[in-house]
2 protein chains.
Amino acid sequence: MKRQILCLGRQFGSGGHSIAVAVSEQLGIPLYDKEIIKKTAAESGYDLEYVQAMDDMEAPGRSKLIFKFVGRDNKGKSIDDYIWDAQKRVIYGIAEEGPCVIVGRCADYLLEGRDDILTVFIHADFDFREKRIVERYGETEVSPRVRLTEKDKRRRAKYEYRTGRTWGELSNYDICLNTATLSEEECVKIIVDAMRG
Amino acid sequence: MKRQILCLGRQFGSGGHSIAVAVSEQLGIPLYDKEIIKKTAAESGYDLEYVQAMDDMEAPGRSKLIFKFVGRDNKGKSIDDYIWDAQKRVIYGIAEEGPCVIVGRCADYLLEGRDDILTVFIHADFDFREKRIVERYGETEVSPRVRLTEKDKRRRAKYEYRTGRTWGELSNYDICLNTATLSEEECVKIIVDAMRG
């Protein structure tokens, strides 16, 4: 395999997670998505539930600015910072263990400079993603458009705060794929071929 | 062939033109790049040299704003506008003739909504593109970085003025590829596979 580690970022509802699963199955390499949360909880010593909540950034009104105003200890570090440090160690550790697929969590940024990674971003327009999240996760009291916007906003806020980059900016990625116009199978094939080289 | 028309946008020096040529050869379909200028000159009735200069936007300081202040006739139209109208007709005509590759010229925007197009954007970081333009076009008095920036600026200005979209924004494209990390062969294969479906 030419490239060892796939770092896959995605807009909520774009189908990025399904593509990551299919790629990991076809290549026979482990997938890390929610598993990273468990590892980060163990590494940081914080409760799994708390780390999960931080990962989802479910706090209302969560935005890039909020990161700057959360409580800090005498080293100037917030709990978010300690969890982030632990997550970085987890991701570096995973990358050392061998070929794998890592979904989100700024892995494309953390592993930048390695010549054995492939960075991919999966996106689609609102219409496609609205339809998809309703099909998969059902209706909720909150409209699909708001659910998408909120989730993307949180991912963007975290990514941009931690990396200093713009989330979903094409120059950060080797390949960007639009699932509104390309089928899941096409996306998987493109990524698998690029990983094999 | 699942998709009939490839609309390929590219940053200057990214190798997008070479990729377009290889794709057109492998698929056995015509490529339209500079040919569009000749057709536009014929269609508009303006001199080829003038249309060429407009296409290159070689006027110094050329920017998006300038478009608004060029001379206009009693219909409120500038020569740029008439050439643009002619170019649109040329591109619609080309698209009607059958499968093809169209490089740049806002074709992704003009042909939007057709279900038989593939839109691709080819990009690379400054280091890669600087090296490439010096290898291919030689040194000039102007530094490679300035040459790249100026050319991208002109392409961006024209695209954004004519389409109202952001140039190089990933949501405009089905596939974005980074030639600094993917080989030309890899890019060609990805596009050819996506065209064949």
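User: Happy to look at this one with you! How do you know that chain A and chain B are in contact?

Analyst: In this predicted model, 23 residues of chain A are in contact with 23 residues of chain B. Contact here requires heavy atoms within 4.5 Å.

User: What makes up the area buried between chain A and chain B?

Analyst: That area is about 1600 Å², with 52% given by carbon and sulfur atoms. On the side of chain A, the residues A:L170, A:D174 and A:E186 supply 32% of what the chain buries against chain B, more than any other three residues.

User: Why is the meeting of B:K189 and A:D193 called a salt bridge?

Analyst: Good one to check! The N to O distance between these side chains is 3.0 Å, and the cut-off is 4 Å between a Lys or Arg nitrogen and an Asp or Glu carboxyl oxygen, so the pair qualifies. The count between the two chains is six salt bridges.

User: Which elements give two or more residues to the side of chain A that touches chain B?

Analyst: They are β4 (117-123), β5 (175-178) and α8 (184-196) of chain A. Of these, α8(A) gives the most, with five residues. By kind, the residues on that side divide into 10 nonpolar, six polar and seven charged.

User: How do you know that β5(A) pairs with β5 of chain B?

Analyst: Pairing needs at least two bridges, and three bridges join β5(A) to β5 (residues 175-178) of chain B, so the two strands pair. They run antiparallel, and A:C176 has B:C176 as its bridge partner.

Key. Residues numbered from 1 in each chain as written. Chains lettered and ligands numbered in written order. Predicted model: local features only at pLDDT ≥ 70, side-chain atom pairs only at ≥ 80, totals over all residues. Heavy atoms only, no water. Buried area = accessible area lost by both parts, 1.4 Å probe. Helix = DSSP H or I, 4+ residues; strand = E, 2+ residues; numbered from the N terminus. Nonpolar A, V, L, I, M, F, W, Y, C, P; charged D, E, K, R; others polar.
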